[in-house]
Amino acid sequence: MCGIVGIVGKTNVNQALYDALTVLQHRGQDAAGIVTCDSGRLFLRKDNGLVRDVFHQRHMQRLVGNMGIGHVRYPTAGSSSSAEAQPFYVNSPYGITLAHNGNLTNVEQLSREIYEADLRHVNTNSDSEVLLNVFAHELASGGKLRPNQDDIFNAVRAVHNRCRGGYAAIAMVTGYGIVGFRDPNGIRPIVFGKRETPDGIEYMIASESVALDVLGFELIRDLEPGEAVYITDAGELHTLQCAKNGHYAPCIFEHVYLARPDSMIDGVLVYKARLRMGEKLAEKILRDRPDHGIDVVIPIPDTSRTSAVELANRLGVKFREGFVKNRYIGRTFIMPGQAARKKSVRQKLNAIELEFRGKNVLLVDDSIVRGTTCKQIIQMAREAGAANVYFCSAAPAVRYPNVYGIDMPSAHELIAHGRTTEEVAELIGADWLIYQDLDDLVEAVREGNPNITEFDCSVFDGKYVTGDVNEAYLGKIEQARNDAAKSTNNVASAIIDLHNN
C-alpha cells in the first residue's frame, strides 16, 4: 500500500513532488524518496521516516529538474531498512528510476531469470527492484540509442508478460520522460491528470486522485488494467493498452481502509462508497437485531467515520465523537510488530467519558485485522463507563492474507481466521459483533461504477484473482510476514545500518 507520484513540469518539480507525497502519506509512513532529472543528471534523496522528516531545505535545493518521481513506503515483509527505500535506480539502459506500489507473486522466478538470463544484479530483497530490472532489461532489448514511445510500450508489454501479482509503477527514463503502468487486473490504483500553466501543460501520475486535486491538476482518468501512460520530458502524452487480457479486478480494500475518502478510484468516489457501507450495515442490524437497544454510535477515528455517520442516520440513533485522536501517532495497521501496535493504541486514542457513561455503545471500525486495536478500544469504552459495548465492522471478516501489496499478516495472526463471529466477539470483548456481508460490500462499491464486474476480495474470501497463489506460496509469505519474522528483520536491519555508519 505504498504511494507513488510522478510529474513532468515546465519548471522545478521538487516542491510539487514533496506536496504530493505529504498528501499520500497515509499510504506509507516507513520511508520516503524523491528523484528528479535535470539536463540528463539525476538527483536523489530517500531515507526512512515521514516525508517531513526525510526532506529538509538542503535536500530540496538539490532536487532540481522539471521531471521527477516520488514514493512513500510501508513494508509488506516487515523490513524497515533504509536500503529498501524507493525510488530504485539502474544505470542501464539510459538510467532508469522506479517507484512501485504492490507485490509480485512470482518474484522468486523473476529473481532467478534476472540473474541467470538477464545477467543483472539485484541488491535488496525488494520486489520493486526486481520489477525495475525486468523493465530495464526489456527496454534495453530494443537496442536503441534513443527510445521512443513504441519502445517504452513494448517494454511494458513484456513486463506484463513476465510479471504476476498486483502492481502500479512509475518509472523515469533519464532525459526522456516518465512512464506509469498498471497490472493487467488493475489491482492497485493509479491515475493521471494535467494542469495548465503560463509555460505550458504539466502532467502528473499518482496513486490517488486526491494528490492531483490538492496540487491543482485536473484528473484525466484512471489507467485501465494493463495500460501504460508515457509523458516525454517535452510534455507529450501517449497512452496504450499493453496487456492482451486486461480486465478490472481492483482491490476492494482500497475503499474500506487504504484510500482517502476524497479520492476517486476507478470512477468510484471513496466517500460515497463508505456512506453506502454504513447504509448496508444499518440494514443488517435492523434485520438481525431489530431490538438492538443502541443509545449512541461512535466511530473509531478516522477511516470509519463516514460509514458510522450514515449508519447512525439509518438507525435513527445519536452519532457522537467518543474518542479524541492524537494526530502525531501513525496508523497502527501499518506498524510492523505487535508490541508497537499495542503500545500505540493507548497513545493514539483517548475516550470522552461523557459519551460512554451508562450507555449502550455501538463502536464502528472500518475492519478487524489482528484484533489488537479493537480489543483495547473496547476495554477503553468499558473503563469510560459504557453499559454495553457492541462492535460493528464496515468490512467482512478478514480471514486470509493479502498477497498484492497490503501487509495483511500470516493467516494465523488474523483474528477471524478459523473462527466464528461469536468467537471473535468473545476474544475482543464485545457484547456482540456484526460484520458487513461481502455481497453488500461489493454492491456498496460497485454502485459507483457498475462497469466493474469483479473485485479482488481475497482477504475476505480467499480467492486470488491472478490464479497463481497456492498453499505453498501462502506458507512462504507467512514466514516472511509474521510478527516474529518482522522482529528478526528489524534487528538484522539495525545491525546492517550500524555497520554502514
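Where is the place of P93? In this predicted model, P93 is placed in the loop between β5 and β6 (96–104). The peptide bond that leads from S92 to P93 is cis, with omega near 0°. A further cis bond runs from Q86 to P87, with omega near 10°, and P87 is found in the loop between β4 (67–73) and β5.

Strands of a sheet pair through backbone hydrogen bonds, either parallel or antiparallel.

Strand β8 (residues 177–182) pairs with β12 in the antiparallel sense over 5 bridges, and I178 stands opposite I231 in β12. Strand β12 is also joined to β13 by 5 bridges, and these two strands run antiparallel. Here I231 stands opposite L237 in β13. The hairpin of β12 and β13 has 4 residues between the strands, and within this hairpin G235 takes a positive phi near 95°.

T232 belongs to strand β12, which spans residues 227–232. Is T232 buried or exposed? T232 counts as buried, because its relative accessibility is 9%, and buried means under 20%. Apart from neighbours within four places in sequence, T232 is in contact with V8, Y176, G177 and H238.

A second open sheet has 5 strands in the order β17-β16-β20-β21-β22, and its pairing is parallel. Its edges are formed by β17 (318–319) and β22 (432–435); each has a single partner strand, so one side of each is left without a neighbour in the sheet. Within this sheet, strand β16 (residues 296–299) pairs with strand β20 (residues 360–365) in the parallel sense over 4 bridges. I298 stands opposite L363 in β20.

Helix α9 (residues 270–288) packs on this sheet, where it touches β20, β21 (388–393) and β22, and its direction makes about 130° with that of β22. Helix α12 (residues 372–383) lies across β20 and β21, running at about 150° to β21.

The helices also pack against one another. Two packed helices are described by the angle between their axes and the distance between the axes. For α9 and helix α14 (residues 438–446), the angle is about 145° and the axes are 8 Å apart. The crossing of α9 past α14 is right-handed. In this contact A273, R276, M277 and K280 in α9 meet D440, L441, E443, A444 and V445 in α14. By class, the contact has 5 nonpolar, no polar and 4 charged residues. The buried residues in α14 are D440, L441, V442, A444 and V445, and the buried residues of this helix pack against α8 (253–258), β15 (268–269), α9 and α15 (458–461).

Another pair is formed by helix α5 (residues 127–140) and helix α6 (residues 149–162), which pack at an angle of about 130° with their axes 8 Å apart. That angle makes α5 oblique to α6. The crossing of α5 and α6 is right-handed. From α5, the residues L131, V134, F135, H137, E138 and L139 meet D151, I152, A155, V156, A158, V159 and R162 in α6. The contact of α5 with α6 has, by class, 9 nonpolar, 1 polar and 3 charged residues.

Two loop residues complete the tour. L119 is found in the loop between α4 (107–116) and α5. The phi of L119 is near 60°, a positive value in a residue other than glycine. D266 has its place in the loop between β14 (264–265) and β15, and its phi, near 55°, is also a positive value in a residue other than glycine. Which of these residues is buried, and which is exposed? L119 counts as exposed, because its relative accessibility is 70%, whereas D266 is buried, with a relative accessible area of 4%.

Methods:
Residues numbered from 1 in each chain as written. Predicted model: local features only at pLDDT ≥ 70, side-chain atom pairs only at ≥ 80, totals over all residues. Heavy atoms only, no water. Buried < 20%, exposed > 50% of the residue type's maximum accessible area, 1.4 Å probe, protein only. Contact = heavy atoms within 4.5 Å. Pairing = 2+ DSSP bridges. Axes fitted to C-alpha atoms, helices over the stretch in contact; angles between N-to-C directions. Parallel < 35°, antiparallel > 145°, perpendicular 65-115°, else oblique. Left-handed = near helix turned anticlockwise from the far one by under 90°. Nonpolar A, V, L, I, M, F, W, Y, C, P; charged D, E, K, R; others polar.
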